[in-house]
Amino acid sequence: MSNKHVPTLKTLLVVAGAALAVRRAMRSRTPGPAPRTTSALQRPGPSGTRDRRLLVTAHERVADGVVRIRLEGHDLPRWEPGAHLDLVLPSGLVRQYSLCGDPEDTSSYTVAARLVEDGRGGSREVHEQVQEGTELEVRGPRNRFPLVEAPSYVFVAGGIGITPVLPMLRALPRDADWRLLYGGRSRDSMPFLEEVEKLDADGGRVTVVAEDEDGLPDLDAFLTGLPGDAAVYCCGPEALMEAVGERLPEGTALHLERFAPRTTADGDGEFEVELHRSGRTLTVAPGSSVLAAVRTELPNTPYSCEQGWCGTCQQRVLEGEIEHRDELLTDSERGDSMLICVSRAKGTRLVLDL
């Protein structure tokens, strides 16, 4: 595919709106603020983790539209590169942010957030309402984007997508074979750019593409000659990840971190949802969600993130085939439940235990 067909990074960021589950990591393989609610199907956290309340001790701008937040606590679990935190914001919204500090630091966590002007309000709340002295509930850490052992590594990051990649680069051995393509609208908009460039002291490993200076990134050139056993990591807008995937040889290990739920070209049609216990049948319109339809009849139905990450809206499915678009449920859970904020019916009907 010619490079001219790759959307600009600015467009990509609009399209996207910070992960595939570990089981899907191999290629061969968020309406307005919601009230804080608790799911009827409460999900346990990962082993050794629990919900915590941490204090924001730093809230600083690190690039145009990007803030870095330091949250302090005591005896915090260590984490591995690629992990993220769930932040429960003051409004009750839940948002996920990749950890980008020191995994061995048990006194604090560091995340970074880009302001999404046309988003659903979470990023604006992080930028404008969260401040030093704010106490936030934190869930995790969780890791659906782990750094695996491989003979060589190729990283592609778009804008804020550098946040999970940065701890990976720090963790690699000095003699590791790796290279990185880091793109953004401008150098001023690219967080942690100076540190990224310092990690390539000898030159040759890091390619920085600022669109206002260099034009579009040449993915074809960057991915040419890719070793067959390389692990490819990509984090950024959906269209960027799709473009990278299209250029990889069959069988190449592609690891992705998503900022938004997946969509499909043919899975947005109209279908019916029967609420078994309520005795009502609803129509889910194209482009709408099961959650939106259900809440017209059952307004107290719990929800939070609306992106398929937090699990608050998980419901049991009694009949019908599900098209899962979340990044949270396990294989066993997918057999008889769904996250109704993002997932849909594969056919024309679902029956929910509501």
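Where in the chain does D75 lie? D75 sits in the loop between β2 (66-72) and β3 (84-88). This is a predicted model, in which local features need pLDDT of at least 70, side-chain atom pairs count only at pLDDT 80 or more, and totals for chains, interfaces and linings use all residues. Residues are numbered from 1 along each chain as its sequence is written, and side-chain values use heavy atoms, with hydrogens and water left out.

**Overall make-up**

- The protein has 9 helices and 18 strands; helices (H or I, at least four residues) and strands (E, at least two) are DSSP runs, numbered from the N terminus.
- Of the 354 residues, 54% are buried, where buried means under 20% relative accessible area, exposed over 50%, and partly exposed in between (1.4 Å probe, protein chains only).
- The accessible surface is about 15900 Å², and carbon and sulfur atoms account for 45% of that surface; areas come from the Shrake-Rupley method with a 1.4 Å probe, and for residues only the protein chains shown count as cover.

**Nonpolar cores**

- The largest nonpolar core holds 28 residues; such a core is a set of buried Ala, Val, Leu, Ile, Met, Phe, Trp, Tyr and Cys residues joined through side-chain atoms within 4.5 Å.
- F155, I162, W178, L180 and Y182 have the most contacts inside this core.
- At least two residues of this core come from each of β7 (152-158), α3 (162-171), β8 (177-184), α4 (193-198), β9 (206-210) and β10 (230-235).
- Helix α3 gives the largest share, 5 residues.
- Leaving aside neighbours within four places in sequence, L180 is in contact (heavy atoms within 4.5 Å) with residues including F155, V156, I162, V165, L169, V206 and F222.
- A second, separate core has 24 residues, among them Y303, V317, I340 and A345.

**Strand β12 and its partners**

- β12 pairs with β13 (residues 280-284) in the antiparallel sense over 5 bridges; two strands pair if DSSP finds at least two bridges between them.
- R349 in β18 is the bridge partner of E272.

**Helix α8**

- V290, L291, A293 and V294 are buried in α8 (residues 290-297).
- Seen down the axis of α8, the buried residues fall within an arc of 165 degrees, so they line one face of the helix; the arc is that of the directions from the helix axis to the C-beta atoms.
- These buried residues of α8 pack against β12, β13, β16 (337-339) and β18.

**Backbone details**

- D75 has a positive phi of about 50 degrees although it is not a glycine, and D75 counts as exposed at 68% relative accessibility.
- F192, also not a glycine, has a positive phi of about 60 degrees.
- F192 lies in the loop between β8 and α4 and counts as buried at 9% relative accessibility.
- The peptide bond joining G140 and P141 is cis, with omega about 10 degrees; P141 belongs to strand β6 (residues 135-142).
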